[in-house]
Amino acid sequence: MAKRVGIEVSVAIGEVCKLINVDVVAAYPITPQTHIVEHLAELVADGELDASYIPVESEHSAMSACLGASAVGARAFTATAGQGLELMHEVLYVASSMRLPIVMTVANRPLSSPLSVWGDHSDAMAVRDTGWIQIFTENGQEVVDSVLCAFRIGEDSRVLLPVMVHLDGFHLTHMIEPIYIPEQSEVDKFLPPFNYPLPLDPERPLTMGAFGPPVIFPETKKAQEVNLRAAKKVVLECWDEFGKVFGRHYHPVEHYRSEGARVLLLTMGSFSETAAAAIDKMITDGKDVGLIRLRLWRPFPFEEIRQAVKDAEVLIVLDRAISFGGPGGPVCSEIRSALYGEDKRPKIISAVSGLGGRDISIAGFEEIVGRGIEVSQTGSEQEFEVFGVRE
Amino acid sequence: MADYIKFGKRQVTKEEYLAPGHRACIGCGEALAVRLACKALGRNVIISNATGCIEIISSQLPWTSWRVPWIHTLFENAAAVASGIEAGLKVMGRKGRRSSDKVNVVAIAGDGGTSDIGLQALSGALERGHDMLYLCFDNEAYMNTGIQRSSATPFGASTTTAPAGKMSIGQVTWKKDLPSIAVAHNIPYVATACPSYPFDLMDKVAKGAAVDGPAYIHIFSMCPTGWRCAPELAIEIGRLAVQTGIFPLYEVEDGKYKLSVKVPKLKPVVDYLKRQGRFGHLSEDTIQEIQDRVHKDHAKLVDKVASSAAVA
């Protein structure tokens with residue numbers, strides 16, 4: 001039986017990678033990801049994890065080395081944040097297009113300028129369309145569980161796709177939390193050995209990464225889209241099985257006191273816990289509110305979102321990133337488009353807050369929800385409003 | 001190990017690992033060099049190819065010219081991908097998930113993919129000491145995209161982004177010295193080669209693959225299309241590059257320089273330049289400037305060879 005220990009979330013990621021027995025870690029340091037890769041380096045140095053640790057010279061090379069390692073059938077892991085994720089941007093598309101099940105944790109961080117190492121979701125939003133399976137996490141336990149599930153989902157022969165696990169920089173990476181670290185025997189039972197079906201191998205020569213002329217390129221992209229969408233079934237299967245084995249249950253959309261609520265707040269990532277506390281307070285104060293949290297970001301859980309909000313009158317979507325000059329926060333845009341075709345749908349209000357590590361307090365969430373309700377009645381001249389910012 | 005110079009063609013396999021039927025231009029020195037390198041490498045190889053001429057002439061879905069395992073991902077990362085391949089194979093061998101026998105991991109890229117956009121990834125891979133061979137096929141410009149200048153384009157050459165005109169001789173910078181940059185990483189083996197000297201090229205590739213640790217070979221790859229010369233002159237131009245001292249053939253083993261082809265008296269550079277349209281606009285003064293520079297660089301190389309011999 002797994003023991004619950006007080007552990008920093010970044011260190012816990014290293015510990016679970018050890019239990020997963022990753023083969024190759026290729027990483028470049030960037031705050032606030034550093035503790036993850038430092039702990040992995042330590043585990044390798046101490047002989048606790050038998051892996052090749054490649055201290056690459058950039059994030060571009062980190063992801064490129066993961067491509068090579070994965071292509072020969074090795075289990076490859078990396079971690080990055082903010083600018084690092086952007087530097088590997090073009091490589092991310094290759095990983096998904098070539099069906100290489102690399103797993104990466106992203107310690108979410110804004111994009112310069114000004115330089116900021118403190119958390120928000122700008123980096124994640126910039127890689128939305130890279131074809132990776134993407135999961136947003138709320139707390140340390142969820143991070144550890146998601147990393148374990150990421151390998152099982154990505155390596156499933158029906159999927160073979162890379163998986164990104166997002167965790168908020170500092171607000172999660174640097175927190176010491178009580179976390180159940182699974183036993184080796186539990187991990188071995190839950191995660192089958194990795195057998196990449198078509199590795200680069202002199203015994204069986206094959207060509208990977210030939211270029212695609214117009215007569216074949218669209219077919220490759222359609223196949224990729226069909227494959228990523230179909231991966232949702234495997235994600236659900238995995239979480240279902242995880243719940244049975246470990247007793248912790250995960251869903252594409254998580255609910256908190258949302259049943260029958262007239263007003264819903266939608267969040268992603270670690271700020272959801274403060275949001276839940278704010279919802280508690282507002283309910284005590286007699287408000288008809290609830291919270292939903294988007295956990296599976298790609299493939300997008302259309303059905304679950306539609307179900308979750310169908311009876312609500314107002315849906316306030318919190319984004320921790322701005323789509324500059326655009327219709328609102330990127331998450332809100334997606335939610336709007338997912339609900340546009342529904343006969344019955346709530347009024348959707350876009351709110352942006354918590355940029356660059358600025359906290360959102362319980363009072364802050366109350367303000368966002370209060371203003372959202374107001375705007376739903378009066379309308380607003382703005383496409384979206386930014387909260388907690390000095391004018 | 002094979003010794004192609006000593007035993008010549010009797011040792012060269014008749015197997016073609018880069019299959020005929022690819023789409024290289026007529027007279028392509030690079031395709032020839034890759035073909036020869038592959039013969040020296042044999043079957044036990046995994047190739048990581050940067051974007052560039054060789055990638056586009058040999059791969060187009062749903063076809064491939066490759067009879068050995070081959071991966072292409074991006075332009076600037078051939079060395080980083082090869083790093084991952086090498087590390088992956090090593091750890092899987094250690095964990096008993098595959099044979100622990102050595103597989104030759106080879107990165108190949110053009111001069112742009114090596115000396116410009118891929119230099120950082122190459123430097124990282126060499127510095128980390130991966131057991132891999134990096135082959136730079138240098139045709140002295142971005143030929144695949146239409147003859148744009150790179151940092152490996154020679155002084156005075158006219159290209160589409162450094163064209164000769166009333167106010168310019170074309171390329172106004174001297175060719176970046178990639179082999180010296182590789183040597184500065186203190187790796188066990190660095191060499192230059194040219195397909196006009198096929199057995200020398202194959203010996204070097206075999207040696208570079210066998211060495212324990214990183215090896216770098218810079219291969220002069222004649223490009224009749226970009227250099228504007230007759231395709232049938234490609235081999236002769238490669239030979240002239242060596243005989244004029246413009247592209248000397250040498251090896252650097254554990255830091256010690258050795259000339260592979262000794263040229264007792266360098267031919268004048270004009271013999272090389274005049275056969276190529278890219279240099280057709282050069283004045284006598286500019287040709288003299290190139291001649292002086294070649295003599296100076298060659299003297300430096302001869303010095304390094306002499307001091308290496310003295311240390312040995």
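Predicted model: local features only at pLDDT ≥ 70, side-chain atom pairs only at ≥ 80, totals over all residues.
1. Conventions. Residues are numbered from 1 along each chain as its sequence is written, and chains are lettered from A in the order in which they are written. Local features need pLDDT of at least 70 and side-chain atom pairs count only at pLDDT 80 or more, whereas totals for chains, interfaces and linings use all residues.

2. Helix H10(A). Helices are DSSP runs (H or I) of at least four residues, and strands (E) of at least two. H10(A), residues 271–284, has 14 residues and reaches 20 Å from first C-alpha to last, close to the 20 Å expected (1.5 Å times one less than the number of residues). After the helix, Gly286(A) takes a positive phi of about 90°.

3. Buried face. Among the buried residues of H10(A) are Phe271(A), Ile279(A) and Met282(A) (buried: 20 or more other C-beta atoms within 10 Å of its own, C-beta atoms being placed from the backbone). The buried residues fall within an arc of 165° seen down the axis, so they line one face of the helix (the arc is that of directions from the axis to the C-beta atoms).

4. Open sheet. Seven strands of chain A run in the order E3-E2-E4-E5-E7-E6-E13, with mixed pairing (at least two DSSP bridges between paired strands). E3 (52–54) and E13 (296–298) of chain A stand at the edges, each with a single partner strand, so one side of each lacks a neighbour in the sheet.

5. Strands E2(A) and E4(A). These pair in the parallel sense over two bridges; Val24(A) has Ala76(A) as its bridge partner in E4(A).

Definitions and conventions. Buried ≥ 20, exposed ≤ 12 C-beta atoms within 10 Å, placed from the backbone.
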